[in-house]
Amino acid sequence: MLDLGIKKFEKFSLPEEIVGQKVILRPRTHEYDEALFELIDSSREFLREYLFWVDDTQSIDDVRQITDIFQENWKKQEAFEYVFLDRKTELLVGAGGIHTISYLHHFAQYGYYLNKKEIGKGYITEAVSLLERELFERGIHRLEIVCDVNNLASAAVAKRCGFELEGMMREARYAYGQYRDELLFAKVNKGK
C-alpha cells in the first residue's frame, strides 16, 4: 500500500454529559424533540436568517427525523450533536455540536443555535469552549466556525473563544434566492 505520510487517527466518541458553569451538554435524543421544536418555532424568524434548514422544520416529526440522523451519526462517530441545557434549571436553551469531523485531516467544525430569549447569557461561548477542550484532548488539531458574514453574534462567539478570522468565503452558500458570503474562523491546538 502506498504510504503518503498521512496519519489517520482512530475514531473517538465524546462524553454523554459535559458540565460547565452555566450549561450542560447532553447528546441529542428523542427525549428533547418536543422542547427543540418549541425552541425552533418560538425563535423561527430569528433563527431562519442564518440557519437555512429552519423553514423545513415545520413539525415535531421533522425534528424527530433529524434527531434520528444525529443519533446515527453519533453511533458512527461521524458527528456529535448535543442539546444545551441551563445548568440550574436543566431547561433546553439551544443545541449544536460537531457537524463535520475529519479523522484523516484532524479537524472538526462547529454548528450551534440558541433560543432567542437566551442571547447574551454565555451559553454558546461556554459550550464551544467545553467542546474545544474535549476535542483537543482527543487529538483534533484544528477547529473551525463558519458563519454568515452578517451573523455578528456567531462571529462574536468565535472571537471570544480565541478563534482567528482567516477570511471571507465569497458567495459560499446559496439561500433564499441569493449567494451569501461566509466568514471562516479557526483555532489550532497549540498543545500538540
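Modeller: A salt bridge here is a side-chain nitrogen of Lys or Arg within 4 Å of a carboxyl oxygen of Asp or Glu. Please keep in mind that this is a predicted model.

Colleague: How many salt bridges does a search of the whole structure find?

Modeller: The search finds 14 salt bridges. One of them joins Glu 90 to Arg 26, with 3.0 Å between the closest N and O atoms.

Colleague: Why does that pair tie together separate parts of the sequence?

Modeller: Glu 90 belongs to the loop between β3 and β4, whereas Arg 26 is in strand β2, so the pair links parts that lie 64 residues apart in sequence.

Colleague: Is Arg 26 buried or exposed? And what about Glu 90?

Modeller: Arg 26 has a relative accessible area of 17% and is buried; the limit for that class is under 20%. Glu 90, at 40%, is partly exposed.

Colleague: Which residues are joined with Glu 90 into one network?

Modeller: Glu 118 forms a salt bridge with Lys 121, and their closest N and O atoms are 2.8 Å apart. Glu 118 counts as buried at 12% relative accessibility, while Lys 121 is partly exposed at 40%. As for the network, Glu 17, Arg 26 and Glu 90 are joined by salt bridges that share partners.

Colleague: What is the N to O distance between Arg 44 and Asp 41?

Modeller: Their side chains meet in a salt bridge at 2.9 Å, N to O. Arg 44 is buried, with a relative accessible area of 13%, and Asp 41 is partly exposed, with 39%.

Colleague: Let us turn to the fold. How many helices and strands are there?

Modeller: The protein chain has five helices and eight strands. Along the sequence they follow the pattern β-β-α-α-α-β-β-β-α-β-α-β-β.

Colleague: In what order do the strands form the sheet?

Modeller: The eight strands make an open sheet with mixed pairing, in the order β1-β2-β3-β4-β5-β6-β8-β7. At the edges are β1 (18–19) and β7 (164–175), each of which pairs on one side only.

Colleague: Which helix packs on that sheet?

Modeller: Helix α4, residues 123–137, packs on the sheet. The strands that α4 touches are β1, β2 (23–27), β3 (80–86), β4 (92–102), β5 (107–114), β6 and β8. The direction of α4 makes about 160 degrees with that of β5.

Colleague: How many bridges join β6 to β8?

Modeller: Seven bridges join β6 (residues 142–148) to β8 (residues 178–188), and the two strands run antiparallel. Within this pairing, Glu 144 has Ala 186 in β8 as its bridge partner.

Colleague: A last topic is the overall shape. What radius of gyration does the protein chain have?

Modeller: The protein chain has 17 Å; a compact globule of 192 residues would have a radius of gyration near 16 Å, which agrees. The C-alpha atoms fill a box of roughly 50 × 35 × 35 Å along the principal axes.

Key. Residues are numbered from 1 along each chain as its sequence is written. This is a predicted model: local features need pLDDT of at least 70, side-chain atom pairs count only at pLDDT 80 or more; totals for chains, interfaces and linings use all residues. Side-chain values use heavy atoms; hydrogens and water are left out. Two strands pair if DSSP finds at least two bridges between them. Helices (H or I, at least four residues) and strands (E, at least two) are DSSP runs, numbered from the N terminus. Contact means heavy atoms within 4.5 Å. Axes are lines fitted to C-alpha atoms, for helices over the stretch in contact, and angles run from 0 to 180 degrees between N-to-C directions. The radius of gyration is taken over C-alpha atoms; the globule rule is 2.2 Å times the number of residues to the power 0.38. Buried means under 20% relative accessible area, exposed over 50%, partly exposed in between (1.4 Å probe, protein chains only).
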